[in-house]
Amino acid sequence: MGLRDDLERYREVGEKRRQDLAEFIQYGDLGGERGDIRIPIKIVSLPEFAYDQLDTGGVGQGDGGTPEPGDQVGQPQPQPGEGDEGEAGEEGGDHEYYEMDPEEFAQELDERLGLDLEPKGKKVETEEEGEYTDRTRTGPDSTLDVERLFKEGLKRKLATEFDEKYVRELLRVEGMTAQEAFRWARENHIPVSRAWIDDAFESIPDEERGRWRSIEEMQERVEREPLSQRIRREGIGHVPFRREDERYRYPEVVKKPQHNVVVVNIRDVSGSMREDKRELVERTFTPLDWYLTGKYDTAEFVYIAHDATAWEVEREEFFGIRSGGGTKISSAYELAAELLEEHYPWSEWNRYVFAAGDSENSSNDTEERVVPLMEEIDANLHAYVETQPSGSAINATHAEEVERRLGDRDNVAVAYVSGPDDVTDAIYEILSTEDES
């Protein structure tokens, strides 16, 4: 195998994983919890380099390595054991799993379906530590803003620096007193202290006093050296640091809208929901659960089962519940409205209401109760999934009625699932509706 072939095989691994994801949605084991998701993948033989053994023949050698007349060019020769059907084995085979967390699952599903769904923030805000841009006068040494401390000290040094040689020449002007020299220096923006002037004046020898007849003569004969030039020449020997210049960095508090979501999953468990219909419900709801768990910071799930009446159940009971009784879908929406109003106010929570069943409902319940309730319940998305393995039923009209009455709303999606192959399309129909809205 050449290097080009090796690289091509490696590139195929990523696409293979995405294909396995789709197969898992359609046919995989749905019993896992919303922790790390274990997706079974077929064993992929990764490319490896193999070296010819000199004693087993090869190109240019006779005997077994020489093709016979009539052999097809490039046709692989059978290896020992190949082509034997053998007996059916009784030992279990090895299975490999690819583990992904819900965030990775959501990302993979986005790529698979071509979605770009961004979680929506609500009024609830979380306080998070941002960048260390704020300053305080106290704090641990590790957060001391050394750069600011140095800059403040440097500014102080520059503010007090002056050309000492130039000022000493000023003190040599005939008749100059310390007081006059101090006043002149300040008027000319030379930051010299009176104490320094007094000390320097006393240090001038008598024979040097009167070297200059006037200040004008001194200015003509003595060049004042710019501070920047002197710093470049002498450098900075000392920077005066002071405690009042110390500042300690601490992170600013950033308030962000929290991406939180509540998902209400409703399933029909009436007598008409046979095992094949129940399985399609679970194959649709499970990936949606994982997807929204991976998309939102905080995801909570409410599970409602209904026949002619509705009741809240735990997740374990929801996935695996048996069927019996009549059908009244509105009972589930009434309970959902009650739970949402009590625990998940619309101002603070993103809401998704997903329902699934075989579209069979009691007479007039869809038109008179379910549709008005779907209009009243504020939600990012309402979705109904019809699960009819036969593809149709005379009295299965609920999905069509919802689609006819509410299909033009940008937060309502209706999908139809008649077999595992339809699940991915149904998920796309639901999530793409949210993406567009």
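Start by selecting Ser 330, Tyr 333 and Glu 334 in helix α11, together with Asp 365, Arg 369, Val 370, Leu 373 and Met 374 in helix α12, since these two groups meet in contact, where contact means heavy atoms within 4.5 Å. The model on screen is a predicted one, in which local features need pLDDT of at least 70 and side-chain atom pairs count only at pLDDT 80 or more, while totals for chains, interfaces and linings use all residues. Residues are numbered from 1 along each chain as its sequence is written, and side-chain values use heavy atoms, with hydrogens and water left out.

Now widen the selection to the whole of α11 (residues 330-343) and α12 (residues 365-376), which pack at an angle of about 20° with their axes 9 Å apart; the axes are lines fitted to C-alpha atoms over the stretch in contact, and angles run from 0 to 180 degrees between N-to-C directions. That angle makes α11 roughly parallel to α12, a term for angles under 35 degrees. The crossing of α11 past α12 is left-handed, meaning that the near helix is turned anticlockwise from the far one by less than a right angle.

Next, select Ser 359, in the loop between β10 (350-357) and α12. Phi of Ser 359 is near 75°, a positive value in a residue other than glycine. Most residues other than glycine have a negative phi. Is Ser 359 buried or exposed? At 0% relative accessibility, Ser 359 counts as buried, the cut-offs being under 20% relative accessible area for buried, over 50% for exposed and partly exposed in between, with a 1.4 Å probe and protein chains only.

Move on to His 189, in the loop between α5 (178-187) and α6 (194-203). His 189 also has a positive phi, near 60°, but this residue is exposed, with a relative accessible area of 69%.

Then go to Asn 260, in strand β7 (residues 260-268), which is buried, with a relative accessible area of 3%. Show its side chain, which reaches the backbone oxygen of Glu 348 at 3.0 Å.

Of its 437 residues, 39% count as buried. Among contacts with a separation of 6 or more, 82% are between residues 24 or more positions apart.

Notes:
Helices (H or I, at least four residues) and strands (E, at least two) are DSSP runs, numbered from the N terminus. A polar contact is a pair of N or O atoms within 3.5 Å; within protein, one must be able to donate a hydrogen and the other to accept it, and residues adjacent in sequence count only if both atoms are side-chain atoms. Angles under 35 degrees count as roughly parallel, over 145 as roughly antiparallel, 65 to 115 as roughly perpendicular and the rest as oblique.
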